Amino acid sequence: MQATQTMLAMHGVSKSFLGVRVLHGVSLDLAPGEVHALVGENGAGKSTLMKVLAGEHVPDEGTITLDGAEQSFTHPAQAQAAGIGIIHQEFALLPHRTVAENVFLGREPTRRGLVDRRAMEARTAELLTELGESGITPRTYVRDLPVARQQTVEIVKALASDDAPARVLVMDEPTAPLADHEAAQLHALVRRLAARGLGVLYISHRLREVFDLSQRITVLKDGRHVTTVRTEDTDTDQVVRAMVGRELSAYYPPRARPGEAGDVRLTVRGGGNARLRDIDLTLRSGEVTGIAGLQGSGRTTLARALFGAAPFTTGAMTVGGRDLRPTSPRRAIRAGIALVTEDRKAEGLALRQSVRDNALLVTRAVPARGRPPAARDLTALLERVRLHARGEDQQAQFLSGGNQQKVVIAKWLAARPQILLFDEPTRGVDVGAKAAIHTLVRDLAREGLAVLIVSSELPELIGMSDRILVMAEGRLAGELPAGASEEDIMRLATRGGPAAHPPVPASPEGSA
Amino acid sequence: MTGTAVAPPTVAKSAPPRRTRLADPAVGVWLAAAAVTAAGWIVVAARGGDFLTLANVVGILQNCVALGLVAVGQTAVILTGSLDLSVAYLISLGTLVAATTMEDGSVVTAVLAVLALSAAVGLANGLVVTGLKVNAFIATLGTAFILRGWIEDNYTGPAGKVPASFQHLGYDRMGPVPVSLFLLAAVAAALWFVTRRTRFGHHLYATGGDEHAARLSGVRTRRTVVAAHVLCSLCVGAAALFLAARLGAGAPWAGTEARYDLESIAAVVLGGTALAGGRGGVAGTLGGVLVLAVLDSVFNQLGVDPFFKNVVRGVVIIAAVALYARRGTGRPA
């Protein structure tokens, strides 16, 4: 990159929290129209670096230069006024306010001292049109929008600076909550923005999209700059090696050998509820069954139905050979079923409680009855899941995503389940911890557990599963053997429409 | 349906679910007030009474004034996700300060003194909640204790005297309408205007909706919460002035006897404002106040014993909030 093209430069940025240094003199630059990807394990300092740029943290050392002028931001509003927009990992939208109110939050246009709602809505509509996003009206309440649309609103909000045209857009894991087709829409939007001369700093764990989108990749590790490379000059292996500092020879542990799949642990015949129909499913010990499908196809609903959280209302189900259709999670747990939920923070952990309390949550809540006694030895259990924590007293909220997930898994293992259901097992988990979780899952299957994995990351699903069931519109659209290609899966997942199915009776509820 | 030919698979994303106006608590509570009034009219008429006399309606509205003023202020605080439990003692102290100042000073001085006192208490509440990061429940409860101590130490009973000129506020009417109702209307209109039409109002909602998100969007959330507390206390000061005019003197029990602290929170919640903040508004709160006042009036006319009266009030409040919770569950899992 030539120096004349540099629009934004961060130089030698350091930052400590409570004496712990999280950034060690990191430098980064960005050209107009460039998508610059920032990758690294959780805790590598990506988000902190971006928060420094966005004025949320004041750096201890280092400079930020935008268009040749040095900047020192002490409040997010200043960074935004200078043309730097940031989209946070967690949504920063108010669900009960309208799109326009969210977009202009903190800088509502006024006329004679009063908020000029009309101008606000007109400008929002204008911005949405500029981005080529139809279908969002400024007066819609954010709670009524699907997640992907909310993401768009976040982008509009980040770009809608009134003082200066937006120059830089920082996106921190924007596709984490999105399904594949929604992510594709977002990618298209990012490309359109870059084509208009916006510089995009893009943080993601999904390396495939990093390679699809970016012109350059910067790798951070332990708060230090490792390397910045042109995307076309590198490949996934090199980047992963730079991220973890070691070779990840095989991404996925070997699959089950023939004969390893054992007894039937769970069966469903003709299972259905408000959003599922005609589910026939068999889970065997020693086998990892993958569930693929588009967002809204019923993947998560299926896992929740098996776990009794959103029970089947029709059909027959057996668990461990006995007839049982769990009507509550408590019954499912008693029967030896465990569910690692998609939303770790809201459904998996008591964030302000210690690692110990979290790991013992299930065994304390559901005392053993007709099930082997709970694992008493917590330390061994935490070692088993290879948890990296400061101690058993550390609060779950301070762990990285990967370690939080390990605590969730430990929580279930303490209850000695026979059937383990995973919904998005590695969402928001860094590469190193991902591999550890994959290995753990395979080990558990090898020890005789029946495992079911729901994942929207197809490589993970293909890498982990001994067979893959594809869902579409609340039904199982087909089954594929181990090692099926992504194309096969997508073909089944998208093979919808009335022609492929017997007529579906009109159901009153739509899916939101 | 099943009989028709292959339907075109073009049905795009369903439009956002249309929310009827009825589902909006601010509308619902006014309908509830109308329903309670109708029910009261029927019940009272069945006993041979007449509920909707001019005198009775005016009485109901007059009874709304004090609680209405407090609840409107409380709305501003609750919208930010905070709470004020010190309002009852602030009212008591306000009436005492007003009456004693008026006894040997001018009315204007007294009004200013009460408003200054209120603003100071609100400022203190706000600063303790935002600066010391004490939970609002505890912070304002602490303020309530402090005010109570002050009152008990300095006043043994009713004190001061409100001149006839100021008692006009409590007793005068313009035609059939009590003057005090204009005070409530003015304060409520002002608050409604502030919450709906100003940037500060938008920031109130944002702070209560998600403080972190609001801060990251450049909203000065602390300042917003402090201002909301000051605003609330000023409304409480207005209520104290009204009650002083009504009582003709200051009284240590002026605010506590009617339990304006919990009563105002009940009215706010009944009006559809979320206790966690971020949703609701002044219009709903006024509806909530009206529902409580109409219920009161019905029970008084029927001569129902106070125990049963409170049971019904409790049931109404719980039922209302349960109803809102059902509506507010957002998207299905």
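Me: How far apart do the C-alpha centres of domain 1 of chain A and domain 2 of chain A lie?

Reply: This is a predicted model, in which local features need pLDDT of at least 70 and side-chain atom pairs count only at pLDDT 80 or more, while totals for chains, interfaces and linings use all residues. Residues are numbered from 1 along each chain as its sequence is written, and chains are lettered from A and ligands numbered from 1 in the order in which they are written. Chain A is divided into domain 1 (3–244) and domain 2 (264–497), with bounds that come from an automatic or database domain assignment. The C-alpha centres of these two domains are separated by 33 Å.

Me: Which helices of chain A each supply at least two residues of the side of domain 1 that touches domain 2?

Reply: The contact, where two residues count if their C-beta atoms, placed from the backbone, lie within 7 Å, takes 13 residues from domain 1 of chain A and 11 residues from domain 2 of chain A. On the domain 1 side the residues divide into five nonpolar, four polar and four charged, where Ala, Val, Leu, Ile, Met, Phe, Trp, Tyr, Cys and Pro count as nonpolar, Asp, Glu, Lys and Arg as charged, and the others, Gly among them, as polar. The helices of chain A that each supply at least two residues of that side are H6 (180–195) and H8.

Me: Is A:Glu260 buried, partly exposed or exposed, and which residues does it contact beyond four places in sequence?

Reply: A:Glu260 is found in the loop between helix H8 (236–244) and strand E13 (264–273) of chain A, helices (H or I, at least four residues) and strands (E, at least two) being DSSP runs numbered from the N terminus. A residue is buried if 20 or more other C-beta atoms, placed from the backbone, lie within 10 Å of its own, exposed if 12 or fewer, and partly exposed in between. Because A:Glu260 has 15 other C-beta atoms within 10 Å, it is partly exposed. Leaving aside neighbours within four places in sequence, the contacts of A:Glu260 are A:Gly286 and A:Arg446.

Me: Within what arc do the buried residues of H7(B) fall?

Reply: The buried residues of H7(B) are B:Ser180, B:Leu184, B:Val187, B:Ala188, B:Leu191 and B:Thr195. Seen down the helix axis, with the arc being that of the directions from the axis to the C-beta atoms, they line one face of H7(B) because they fall within 95 degrees.

Me: Which residues are exposed on the other side of H4(A)?

Reply: The buried residues of H4(A) are A:Arg117, A:Met120, A:Thr124 and A:Leu128. They lie on the same side of H4(A) because they cover an arc of only 65 degrees around the axis. What covers them includes helix H3 (99–103), strand E8 (114–115) and helix H5 (147–159) of chain A. On the other side of H4(A), the exposed residues are A:Arg118 and A:Thr129.

Me: What average pLDDT does chain B have?

Reply: The pLDDT, the predictor's confidence in each residue from 0 to 100, stays under 50 over residues 1–18 of chain B and is below 50 over residues 329–333 of chain B. Where pLDDT is low, the predicted coordinates should not be read in detail. In chain B, 91% of the residues score at least 70, and the average pLDDT is 88.
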